[in-house]
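User: I would like to go through a structure with you, starting with how its chains meet. Could you bring it up?

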Amino acid sequence: MKHFGNLSCADVLERLDDYVDGELNEVDKKNVETHLSQCSECESFGQSYHVMRQALAELSE
Amino acid sequence: MPALHTFWDLNLSDPYQRQRERELMSQIAAGDDQAFRMLSDEHKSALLQMARFWSSAEHADDIVQESLLNAYRYADSYRGEASLRTWLLHLVRNNAFKSRSKESREYDKRKSLVQLGIEAGWGSENPQLIAERAERKALLRAAIDQLEPHEREIITLRDIQGLTTAECATLLGEKIPTIKTKVRRARLRLAALLRTMKIEEAQ
């Protein structure tokens with residue numbers, strides 16, 4: 001697990017749902033975005049995770 | 001990395017929605033059949049989806065019919081404490097569990113030829129796009145089927161049906177932090193399953 005900004009990859013994993021749902025406060029949101037902009041592994045995982053959630057929402061159609 | 005939260009912000013609930021739902025139920029309680037048809041049209045497919053999950057494809061129609069009749073009969077008991085969708089899902093869940101206690105559950109995974117045809121792009125102006133989407137959906141459904149029942153339940157309610165965390169908590173009788181943890185774990189399990197399936201597919 002790497003550390004970028006104030007957060008480790010594990011911290012980002014824990015906050016990813018709230019980030020995607022727009023439920024983080026401004027400080028946490030900024031910290032997650034700082035980490036994502038510097039960590040290619042979390043950035044790539046975040047993208048896949050986002051696509052998975054979009055695809056899940058499409059199952060209701 | 002795009003601002004991911006913007007997409008999901010679209011799901012923010014309408015503050016006037018609850019008031020409209022209370023009014024609709026008052027109309028139904030007063031015997032307004034058109035209001036009842038509106039209720040049925042708006043929620044039936046979502047109720048069917050969960051009835052199939054909590055019971056079986058075979059009994060889902062009957063369970064939803066029974067639940068809608070319950071909603072008609074007890075419309076005056078809707079107070080608007082939960083969203084109307086959550087209230088209706090409560091009725092479906094209760095009726096599904098009653099039905100399951102009568103007969104053992106039989107899970108029919110067979111799809112009709114028409115359904116398979118539609119997923120394969122039949123009737124589409126852009127068959128390739130539809131085929132890709134159907135393939136993605138089929139892969140996702142296969143992964144969801146491999147989840148544990150409690151994981152499948154929470155993913156279906158929260159991510160497919162689009163209930164809020166608070167609504168899931170009300171429906172399942174759990175606390176909000178518990179639901180958040182369950183959702184997070186279920187999504188990660190689903191992501192892991194999808195990853196494994198994609199790797200196997202590529203080999």
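User: How many residue pairs are in polar contact between chain A and chain B?
Analyst: The count is seven residue pairs, both residues being at pLDDT 80 or more; a polar contact is a pair of N or O atoms within 3.5 Å, where within protein one must be able to donate a hydrogen and the other to accept it, and residues adjacent in sequence count only if both atoms are side-chain atoms. This is a predicted model, in which local features need pLDDT of at least 70 and side-chain atom pairs pLDDT 80 or more, while totals for chains, interfaces and linings use all residues. Residues are numbered from 1 along each chain as written, and side-chain values use heavy atoms, without hydrogens and water.

User: Which element supplies the largest share of the side of chain A that touches chain B?
Analyst: α3(A) does, with 14 residues; helices are DSSP runs of H or I, at least four residues, numbered from the N terminus.

User: And by class, what is on that side of chain A?
Analyst: There are 12 nonpolar, six polar and 11 charged residues.

User: How many salt bridges are there between the chains?
Analyst: Five are counted between chain A and chain B, a salt bridge being a side-chain nitrogen of Lys or Arg within 4 Å of a carboxyl oxygen of Asp or Glu. Glu58(A) pairs in this way with Arg136(B), with the closest N and O atoms 2.7 Å apart.

User: What area do the two chains bury?
Analyst: About 2,600 Å² between them, 62% of it on carbon and sulfur atoms; this is the accessible area (1.4 Å probe) lost on being put together, summed over both. Met52(A), Leu56(A) and Leu59(A) supply 24% of the area that chain A buries against chain B, more than any other three residues.

Technical notes
Chains lettered and ligands numbered in written order. Helix = DSSP H or I, 4+ residues; strand = E, 2+ residues; numbered from the N terminus. Nonpolar A, V, L, I, M, F, W, Y, C, P; charged D, E, K, R; others polar.
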